[in-house]
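Take a look at the fold before reading on.

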Amino acid sequence: MGKSIQAVILAAGLGSRLGNLTKDVPKAMVKFNNKEIIFYQISILLSLGIKDILIVSGYKSEVLKNFLKKNFDISSFIFVTNNIFETTNSAYSLNLIRQMITSDPYIHINNDILFTKNLLCEIIDSNYKNCISVRKDLKLDDKMENVSADENKRIIEMSLKSTNRSLFKAYGLAKISQQALNSNI
């Protein structure tokens, strides 16, 4: 893991399904075991020497930025605000920051997931330029990113529609190449 790699954290959404938990803080700051989710995420990134972190915020963005300033040296972080977060999605947020993503590949993180250092290392160290984490313990439906894969575990389709080929749910932690980023945006 000697090469420099950027991490992108998409943290613009409202977190409306979380109800009162996001009344005063953005979804990234919802606590798990008395620590904010984004605290865990950034701590793992920094422990691996990943300091070039790009964050797209929206809802309660100043609360998030102040929290990060208080808890981390954010001098190497880049912040972009999605001012129309209420009417856009994560693809829009990613497009706002796309030109600032210079590493190939980069680490893509949704702000509302927990992951281990070992999982992130496995993804970074994978020989594949594009690698996503998936879950197979959920009942798949049309409200989640369904993943179909071949017998070699290579993704053949991702869709918001569940089909008989759907095997996994994309988990929100990935390593993505510049080619894949540009062809998917």
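Contact here means heavy atoms within 4.5 Å. The model is predicted.

Q: Which residues have the most contacts inside the largest nonpolar core?
A: The largest nonpolar core has 32 residues. Those with the most contacts inside it are Ile 9, Ile 38, Ile 42, Ile 55, Leu 68 and Leu 120.

Q: Which element gives the most to this core?
A: Several elements each supply at least two residues of the core, including strand S4 (53-57), helix H2 (61-71) and helix H1 (37-47). The element that gives the most, with five residues, is H1.

Q: Which Phe residues does Ile 55 contact, leaving aside its neighbours within four places in sequence?
A: With those neighbours set aside, Ile 55 is in contact with residues including Ile 9, Ile 42 and Leu 68.

Q: Is the ring pair of Phe 77 and Phe 79 stacked, edge-to-face or tilted?
A: The ring centres are 6.3 Å apart. Stacked needs planes under 30 degrees apart, and edge-to-face needs over 60. The planes here are at 45°, so the pair is tilted.

Q: Is Phe 79 buried, partly exposed or exposed?
A: Buried means under 20% relative accessible area, and exposed means over 50%. Phe 77, at 8%, is buried. Phe 79 has a relative accessible area of 21%, so Phe 79 is partly exposed.

Q: How far from the centre of the Phe 39 ring is the charged end of Lys 35?
A: The charged end of Lys 35 sits over this ring. Its distance from the ring centre is 4.5 Å.

Conventions:
Residues numbered from 1 in each chain as written. Predicted model: local features only at pLDDT ≥ 70, side-chain atom pairs only at ≥ 80, totals over all residues. Heavy atoms only, no water. Phe/Tyr/Trp six-rings, centres within 6.5 Å; stacked < 30°, edge-to-face > 60°. Buried < 20%, exposed > 50% of the residue type's maximum accessible area, 1.4 Å probe, protein only. Lys NZ or Arg CZ within 6 Å of the ring centre and 35° of its normal. Core = buried A, V, L, I, M, F, W, Y, C linked by side-chain atoms within 4.5 Å. Helix = DSSP H or I, 4+ residues; strand = E, 2+ residues; numbered from the N terminus.
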